[in-house]
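The entries below follow the order in which I looked them up.

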Amino acid sequence: MTGRLTSGDLSGAVADLGIFVPLTAALVLVNGLDMGSVLVAAGLLVVGAGLVFRVPFPVQPLKALTALAVTQELAPEVIRAAGLQIGVVLLLLHLTGLADRLSTLFTRPVIRSLQFAVGILLTVSAYKLVRDPPVVFEHTTSIAWGVALAGATVLLVAVAAHRRWYPLIALVVVAGTAISWLVTRPHLGDVTLHVPSFEAPSFAVFGTAFVMLVIPQLPLTYGNAVVGVSDLAREIFGERAHRVTPGRVALSCGAGNVVSALVGGMPMCHGSSGMSAHARLGAHSAGMNLVLGGTFLAFGLVFSNQVLVLFGLLPVWALAGMLAYAGIRHAMLVLDLRGTRLMVAIGAGLTGVVTGNLMFTTVAALVAAHVPRLRQVARARKHPDGEIAPLPPG
């Protein structure tokens, strides 16, 4: 692990909770997953990713899969079966070398289109978080105050991140949580030790899980959470991120999902939006992963009965503000493109935003990136004496 733990690592650790908390709570409250098992599996993957990659590395619930599972109110066994299948597919991509070879198809415009779409959707999700907070946030302000405080948080975080006043970001979350505690005086209940048990999902639900959850999720997972996060890690951390390759990310995510499925956890990924959130809000070392993952493990093993109450104490407007800032910064990554490639990336990204399905973004971006080259190859075969003009790099 490179470097020492800094205040930026602490503020970066809470930067992605605007995604993690609502999605995790939904899977527990609506679908019946066990909170202790979910947090233990997530904590192991967070800590493991930090130790393996040696830079701040994200772990998120699979967003598309979670949305579908919650909407359909699918049983925990179906969700775990989907996580197991996604994990096996990612492990096979690593073992066969396809994870690295297929990444060459995901040129910079393709990656940026996905990041642009995800960033826009995260910003929209931030607004929805304060407009209609999940039931876990029982003690919230009015909608008008929530939106105003979230907007103020965006501005404060932007200034703090620019000035590197990272303790200020963490202070907002701590102060908001402390005020919620003093106002509500929640009853936490008894503390009990929770040790997840190993159990494979029934083979009977694999078909349902594959059709309803795995097929819609896999393209986004590979494009954004394998290739996209690898590209972004190298861009942000340079040579420090030399361990981060599509093959190793597929291995990490695949192994994490297999373990999570077997202990009753949720399907997870290394989303590139999480990388933006952690890094833009100050995370500099893998110490961030040890702090965040260690907290998840402690809560999952010892405080699983209290977690939903503790989640509810978090200031939803602060989480929404940090989520909106991370979403905006993530979407702005597209601005390193120019000309036609910029227009293609934005157009493909908006396709996914409008339809609500990022598979359309992936397909549109891949077609726009590679069809011109395929046409040149086809013309060259018809006219062997001609030359194939090279395409711009990336």
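**Helix H10 and its kink**

I located a kink of about 50° at Val214 in H10, shortly before the proline Pro216; the bend is the angle between axes fitted to the seven residues ending at a residue and the seven starting there. Helices (H or I, at least four residues) and strands (E, at least two) are DSSP runs, numbered from the N terminus. The model is predicted, and local features need pLDDT of at least 70, side-chain atom pairs count only at pLDDT 80 or more, and totals for chains, interfaces and linings use all residues. Residues are numbered from 1 along each chain as its sequence is written, and side-chain values use heavy atoms, with hydrogens and water left out.

I then checked the span of H10 (residues 206–237): its end C-alpha atoms are only 39 Å apart, whereas a straight helix of 32 residues would span 46 Å at 1.5 Å a residue. The expected span is 1.5 Å times one less than the number of residues. After H10 comes Gly238, with a positive phi near 60°.

**Contacts of Gln85**

Which residues does Gln85 touch, not counting those up to four places away in sequence? I found Phe206, Ala209, Phe210 and Val214 (contact means heavy atoms within 4.5 Å). Gln85 sits in helix H5 and is buried at a relative accessible area of 15%. Buried means under 20% relative accessible area, exposed over 50%, and partly exposed in between (1.4 Å probe, protein chains only).

**Salt bridges**

I looked up salt bridges, defined as a side-chain nitrogen of Lys or Arg within 4 Å of a carboxyl oxygen of Asp or Glu; the count is 5. Asp231 and Arg108 pair at 3.0 Å, N to O. Asp231 lies in helix H10 and Arg108 in helix H7 (residues 108–131), so this pair ties together parts 123 residues apart in sequence.

Glu235 pairs with Arg112, with the closest N and O atoms 2.5 Å apart. Arg112 is buried, at a relative accessible area of 0%, while Glu235 is partly exposed at 37%.

Arg112 also forms a salt bridge with Asp336 (2.8 Å, N to O). Asp336 lies in the loop between helix H15 (316–331) and helix H16 (339–355), so its pairing with Arg112 in helix H7 joins parts 224 residues apart in sequence. I noted that Arg108, Arg112, Asp231, Glu235 and Asp336 are linked in a network of salt bridges.

**Positive phi**

Most residues other than glycine have a negative phi. I recorded a positive value near 65° for Arg54 and near 55° for Glu73. Arg54 is partly exposed at 29%; Glu73 is exposed at 59%.
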